[in-house]
Amino acid sequence: MLCNLQDKENGLVYMSKQILLDVELRNYFNDFGKNCVIYPGVEVGEGVSLGHFVLIYNNVKIGDNVRISDRVTLGENPKEGLETKIGECTRIFSGATIQSGTIIGKNFTMGSNAVIRTNSIVGDDVILGLGSEIGANVKIGSDVKMNSHVFVPDYTEVGDHTYLGPYVVVTNTLHPRCPKVWECIPKTGVKIRDYAIVGAGSLLMPEIEIGEHAIVGAGSVVIKSIEPYSIVVGNPAKKIKDVRDIKCPERIALIEENPYDARLIELRMRGK
Ligand SMILES: CC(C)(COP(=O)(O)OP(=O)(O)OC[C@H]1O[C@@H](n2cnc3c(N)ncnc32)[C@H](O)[C@@H]1OP(=O)(O)O)[C@@H](O)C(=O)NCCC(=O)NCCS
């Protein structure tokens, strides 16, 4: 049975009887649409807005100034003791799903219909493009941009200041139907180290490491680990040069200086 918890000009927040009472809605919502369902143990900060048909399961903690669009699901597949956290100033676009046990930092932007599965960790200032899928137990650092339709499976690690272009596919096992596959996968996740760039449409095979500052050219198939600062292209991907030798052909990027230079990236990060 549904009952009406709040009645504002824009619509209603509905809660079924058994999920009504122990919801901690500190300042309630800034704004909300119709037909949202909020389960017990949900905590909501200040200035949080919800679209229509938003579903928030148990033990989800939402920071201040989070904006949640229509048809978003948070804390899906709730399990005892699993807390889901959404950092402040996050923006989640329509149809996105975050499963239980996942912890999201602040300023996260999640594109429409993107999914993050259970027990993953996402740092601050991360962008995840529309239609992307992040598996379970994935670790994503801070200042990361992942374009639309990336696939990042269970146990992948993505470092700070990294970039994954659109349609990047990361894999985590060579033998997906092996009966012991789940014994391997926690050890065979790909590691993408800090500042690395993976170009559009590239595919990374299991167990490899993309070194710090390395670049994988668009459309490459990477079958073995890449040394830091290497640029690799092709199938199978081979080194063509060192990142520090890149020159911006238009001389736009940091005039005459290498846009991938670690020192310059740091300065840029600090707004200098
Ligand atoms: C790999 C990359 C960084 C190299 O950039 P660059 O240093 O300016 O390289 P150049 O254009 O000088 O190319 C060097 C050589 O590698 C080849 N090459 C470059 N990128 C390639 C790629 N992705 N696949 C195959 N060959 C590639 C070039 O054709 C050139 O070959 P040549 O020496 O025989 O003429 C760049 O080409 C790239 O793929 N960037 C990622 C783009 C991307 O995914 N963007 C996403 C935003 S939507």
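Analyst: Here is a short tour, taken topic by topic. This is a predicted model, where local features need pLDDT of at least 70, side-chain atom pairs count only at pLDDT 80 or more, and totals for chains, interfaces and linings use all residues. Residues are numbered from 1 along each chain as its sequence is written.

User: Thanks. How many helices and strands are in the protein chain?

Analyst: The protein chain has two helices and 33 strands. Both come from DSSP runs numbered from the N terminus: helices are H or I with at least four residues, strands are E with at least two.

User: And what order do the strands take in the open sheet?

Analyst: Eleven strands run E6-E9-E12-E15-E18-E21-E24-E27-E30-E32-E33, with mixed pairing. Two strands pair here if DSSP finds at least two bridges between them. The edges are E6 (49–50) and E33 (238–242), each pairing on one side only.

User: Which way do E32 and E33 run?

Analyst: Antiparallel, with four bridges joining E32 (residues 230–233) to E33. Ser230 sits opposite Asp242, and Ile231 has Lys241 as its bridge partner. Their hairpin has four residues between the strands, and Gly234 takes a positive phi near 90 degrees there.

User: What about E30 and E32, parallel or antiparallel?

Analyst: Parallel, over two bridges, with E30 covering residues 215–216. Val216 is bridged to Val232 in E32. E15 (residues 109–110) and E18 (residues 126–128) also pair in the parallel sense over two bridges, and Met110 stands opposite Leu128.

User: Switching to the inside. What share of the residues is buried?

Analyst: Buried residues make up 40% of the 272 in the protein chain. Buried takes 20 or more other C-beta atoms within 10 Å of the residue's own, exposed is 12 or fewer, and partly exposed is in between, with C-beta atoms placed from the backbone.

User: Which residues have the most contacts inside the largest nonpolar core?

Analyst: Ile56, Val198, Ile210 and Val216, in a core of 60 residues. Strands that each supply at least two residues of this core include E18, E27 (197–198), E30 and E32. A nonpolar core is a set of buried Ala, Val, Leu, Ile, Met, Phe, Trp, Tyr and Cys residues joined through C-beta atoms within 7 Å.

User: What is Val198 in contact with?

Analyst: Leaving aside neighbours within four places in sequence, Val198 contacts Leu164, Gly165, Val168, Ile192, Leu204, Ile210 and Val216. Contact means C-beta atoms, placed from the backbone, within 7 Å.

User: Now the loops. Why does Phe93 count as buried?

Analyst: Because it has 20 C-beta neighbours inside 10 Å. Phe93 is in the loop between E12 (91–92) and E13 (97–99). Phe93 and Ser112 are 19 residues apart in sequence, with their C-alpha atoms 4.7 Å apart.

User: And Val243, where is that?

Analyst: In the loop between E33 and helix H2 (262–269). Val243 is buried too, because 22 other C-beta atoms lie within 10 Å.

User: Last topic: how many residues surround the ligand?

Analyst: There are 13, and the closest are Gly165, Gly199, Ala200, Gly217 and Ala218. Near means a C-beta atom, placed from the backbone, within 6 Å.

User: How does that shell divide into nonpolar, polar and charged?

Analyst: Eight nonpolar, five polar and no charged. Ala, Val, Leu, Ile, Met, Phe, Trp, Tyr, Cys and Pro count as nonpolar, Asp, Glu, Lys and Arg as charged, and the others, Gly among them, as polar.

Note on methods. Contact = placed C-beta atoms within 7 Å.
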